[in-house]
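Reader: I would like to go through this protein by question and answer. Please keep to what can be computed from the atoms.

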Amino acid sequence: MKNLWNHALYREDIGYVAGLDLPWDRLEHTKVLITGAGGLIGSFLVDVLMWRNAHAGMNCRIYAMGRNGDRARERFDRYWQSPLFSFLLHDITEPLRMEEGFDYILHLASNTHPAAYATQPVSTITTNVMGTDNLLRYAAAHGTGRFLFASSNEIYGENRGDAEFFSEEYCGYLDCNTLRAGYPESKRCGEALCQAYRSEKGIDIVISRLTRSYGPTLLPSDTKAMSQFLQKAVSGGDIVLKSEGNQFYSYTYVADAVSGLLAVLLKGECGEAYNVADEKSDIRLKDLAGVIAGLCGRRVIFEIPDSTEKMGYSTATKARLDGSKCKKLGWRMRYDIPQGVERTLCILNA
């Protein structure tokens with residue numbers, strides 16, 4: 001795994017988010033559990049919080065939970081001996097067998113790419129439903145101060161043709177009787193579980209709805225279109241488009257996704273969901289492929305997807321999120337698509 005800290009741009013991204021005007025004092029001397037800590041969002045978030053510990057004396061104890069101990073040991077080697085960092089090897093579809101109390105739980109664990117939806121449909125659903133229930137049950141039993149559920153733009157389903165942007169109240173069409181529905185439907189159920197525990201058990205919950213996120217922390221196993229484009233660019237290949245590319249989606253560079261998530265965590269209102277999105281980073285898939293191809297001097301070519309790939313693809317043709325509610329918390333997107341993609345490629349090509 002590439003040591004991202006060796007690159008000045010990555011350190012700049014971490015310092016930027018860690019230096020934002022947020023009520024960081026709420027995290028001082030607290031214990032924070034992060035599930036999915038080894039993922040694209042989670043690993044960047046761990047770096048930000050540990051930066052605050054090192055440079056701002058936050059004294060926030062980070063418990064990073066994941067299923068791959070070897071990968072975590074490599075990714076978080078710089079913190080492994082720190083008294084403010086602990087890695088917890090655990091599959092959240094199993095109940096948590098410990099007594100540690102956490103001030104904050106950030107539930108980021110989930111299958112988040114098409115190949116996983118198609119080949120691991122059961123774990124996709126159980127992680128989002130059983131895993132969320134296990135964590136909420138633990139939070140209720142141990143007096144967790146605030147629970148953040150990282151949801152997805154996919155909960156909105158297919159645009160019915162009546163909205164250019166999805167506000168938090170929008171509810172589009174989903175065909176639940178399909179394999180691909182497992183991800184968005186289980187994310188919807190995860191949100192409903194959060195509301196149920198808030199009402200019945202009094203848990204303080206907030207929900208961040210993330211768009212299609214990308215950045216240098218992407219995992220090699222990630223099969224989202226954006227990740228495949230970036231991986232092809234880094235390897236020197238042509239950018240492969242497996243559709244006509246008319247899909248119109250919202251995207252977010254990882255630094256902006258994490259800054260939005262932190263804004264929701266520290267400033268969001270209990271029980272509310274927030275779209276972490278800005279229209280300046282909305283783009284059609286074919287134009288996205290063109291931007292990446294242009295930055296790496298390659299071509300865009302078309303290729304017919306195989307049957308497994310096709311099963312995992314979203315059917316949504318337009319999924320642009322309205323981020324005005326999150327902006328009212330003071331969040332602002334820093335990087336548009338060309339800037340975010342260029343930074344990603346610079347870091348990964350180093």
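Author: A residue is called buried when its relative accessible area is under 20%, and exposed when that area is over 50%. The model is a predicted one.

Reader: Is Ser-227 buried or exposed, and what is its relative accessible area?
Author: Ser-227 sits in helix α7, which covers residues 225-235. Leaving aside residues up to four places away in sequence, Ser-227 touches Leu-218 and Asp-222. The cut-off for buried is under 20%. Ser-227 is therefore buried, its relative accessible area being 1%.

Reader: Which residues does Ser-151 touch, not counting residues up to four places away in sequence?
Author: Ser-151 belongs to strand β5, residues 146-152, and counts as buried because its relative accessibility is 4%. The C-alpha atoms of Ser-151 and Leu-108 are 8.2 Å apart, although the two residues are 43 apart in sequence. With residues up to four places away left out, the residues touched by Ser-151 are Lys-187, Glu-191, Ile-207, Ser-208, Arg-209 and Leu-210.

Reader: How far apart are the C-alpha atoms of Leu-193 and Leu-136?
Author: Leu-193 is part of helix α6, residues 182-201, and is buried at a relative accessible area of 17%. Beyond residues up to four places away in sequence, Leu-193 touches Val-129, Thr-132, Asp-133 and Leu-136. Leu-193 and Leu-136 are 57 residues apart along the chain, and their C-alpha atoms are separated by 8.2 Å.

Reader: What covers the buried residues of α1?
Author: Helix α1 spans residues 8-18, and its buried residues are Tyr-10, Asp-13, Ile-14, Tyr-16, Val-17 and Ala-18. Their cover includes α2 (40-56), α3 (69-75), β9 (248-253), α8 (254-267) and α12 (337-349).

Reader: How many disulfides does a search of the whole structure find?
Author: A disulfide is a covalent bond between the sulfur atoms of two cysteines, and a pair counts when the sulfurs are within 2.5 Å. The closest cysteine sulfur to that of Cys-171 is in Cys-176, 12 Å away, which is too far for a bond. Cys-346 is in no disulfide either, with the nearest cysteine sulfur, in Cys-296, 12 Å away. Over the whole structure, the number of disulfides found is zero.

Reader: What is the relative accessible area of Cys-346?
Author: Cys-171 is partly exposed, with 45% relative accessibility. Cys-346 also counts as partly exposed, and its relative accessible area is 36%.

Reader: What is the radius of gyration of the protein?
Author: The protein has twelve helices and 13 strands. Its C-alpha atoms fill a box of roughly 55 × 45 × 40 Å along the principal axes. A compact globule of 350 residues would have a radius of gyration near 20 Å, and the protein agrees with this at 19 Å.

Reader: Of the contacts with a separation of 6 or more, what percentage is between residues 24 or more positions apart?
Author: Of the 350 residues in the protein, 56% are buried. Among contacts with a separation of 6 or more, the share from residues 24 or more positions apart is 81%.

Reader: How far apart do the centres of the positive and negative side chains lie?
Author: The protein exposes about 14500 Å², of which carbon and sulfur atoms supply 49%. There are 40 positive and 42 negative side chains, and the centres of the two sets are separated by 2 Å.

Definitions and conventions. Residues numbered from 1 in each chain as written. Predicted model: local features only at pLDDT ≥ 70, side-chain atom pairs only at ≥ 80, totals over all residues. Heavy atoms only, no water. Buried < 20%, exposed > 50% of the residue type's maximum accessible area, 1.4 Å probe, protein only. Helix = DSSP H or I, 4+ residues; strand = E, 2+ residues; numbered from the N terminus. Rg over C-alpha atoms; globule rule 2.2 N^0.38 Å. Contact = heavy atoms within 4.5 Å. Areas by Shrake-Rupley, 256 points an atom, 1.4 Å probe, with all protein chains shown as cover. Lys, Arg positive; Asp, Glu negative; His and termini not counted. Charge placed at Lys NZ, Arg CZ, Asp CG, Glu CD.
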